[in-house]
Amino acid sequence: MSQKSNSSANNKTRFADLVKGVKPLELDHSNRIEESACPKPSPIPRETLKDQLRVLKESLDVSLEYKDLQPGDSLSFRGHRIQKNTFRKLKKGQYSVGAELDLHGMTIADAQLALTQFLQSAREKNIRCVLIIHGKGYGSNNQGPKLKPMVNQWLQIRSEVLAFCSARPADGGTGAVYVLLKSLN
């Protein structure tokens, strides 16, 4: 027998001598922590966050068709599910305005946030028609209105907006819009 084999056999014998009287542990699984007991942290939706940031950036970009809006231009949008008669009533101001939002003097970012919160609040209260005052842009120097084209764009991409149009002169005329919202039902 080689010296290496002899040494290995001696080690096994010594180990067996050392653990001679040792009893194996009885495993108690009752206090074992299950994987489901420790909830895993929710994943960070990185792609969703990227998409939301992209949508926000796109919503702040005014397309060329909206840049040419002048203070006296009327705004008008009718979703495909809205009947002509319903839209005609909205234009005539025949719906009761349940809430109003005035965006005068706000920055574009502040106005977008205020508009989003306002529309969510109106939906939660089941208000069907609101008035949003964006102004005509007379204080915007020679560059034309800033909020008016943004409000026009924002409202068209909001899923809860069924239709909107410039208000009657008594309610702000081309400096405000009536907005018809989906009901919660």
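Which residues does Val179 touch, not counting residues up to four places away in sequence? The list is Arg128, Cys129, Val130, Ile132, Leu155, Val161, Ala163 and Phe164, where contact means heavy atoms within 4.5 Å.

First, the ground rules. This is a predicted model, in which local features need pLDDT of at least 70, side-chain atom pairs count only at pLDDT 80 or more, and totals for chains, interfaces and linings use all residues. Residues are numbered from 1 along each chain as its sequence is written, and side-chain values use heavy atoms, with hydrogens and water left out.

Now the layout. The protein has six helices and five strands, in the order α-α-α-β-α-β-α-β-α-β-β along the sequence. Helices (H or I, at least four residues) and strands (E, at least two) are DSSP runs, numbered from the N terminus. Of the contacts with a separation of 6 or more, 70% are between residues 24 or more positions apart.

Next, the interior. Of the 185 residues, 31% are buried; buried means under 20% relative accessible area, exposed over 50%, and partly exposed in between, with a 1.4 Å probe and protein chains only. A nonpolar core is a set of buried Ala, Val, Leu, Ile, Met, Phe, Trp, Tyr and Cys residues joined through side-chain atoms within 4.5 Å. The largest one has 23 residues, and Val179 is among those with the most contacts inside it, as are Leu103 and Leu119. Elements giving two or more residues to this core include strand 3 (129-133) and strand 5 (176-181). Helix 5 gives the largest share, six residues. Apart from that core lies another, of 13 residues, among them Leu162 and Tyr178.

On to the rings. The whole structure holds one aromatic pair. Phe77 and Phe164 are stacked, at 5.5 Å centre to centre and 25° between the planes. Rings of Phe, Tyr and Trp (its six-membered ring) pair if their centres lie within 6.5 Å; planes under 30 degrees apart count as stacked, over 60 as edge-to-face and the rest as tilted. The pair links distant parts of the chain, with Phe77 in strand 1 and Phe164 in strand 4, 87 residues apart. Phe164 counts as buried because its relative accessibility is 0%.

Last, a residue from the loop between helix 1 and helix 2, namely Val22. Is Val22 buried or exposed? Its relative accessible area is 59%, so Val22 is exposed.
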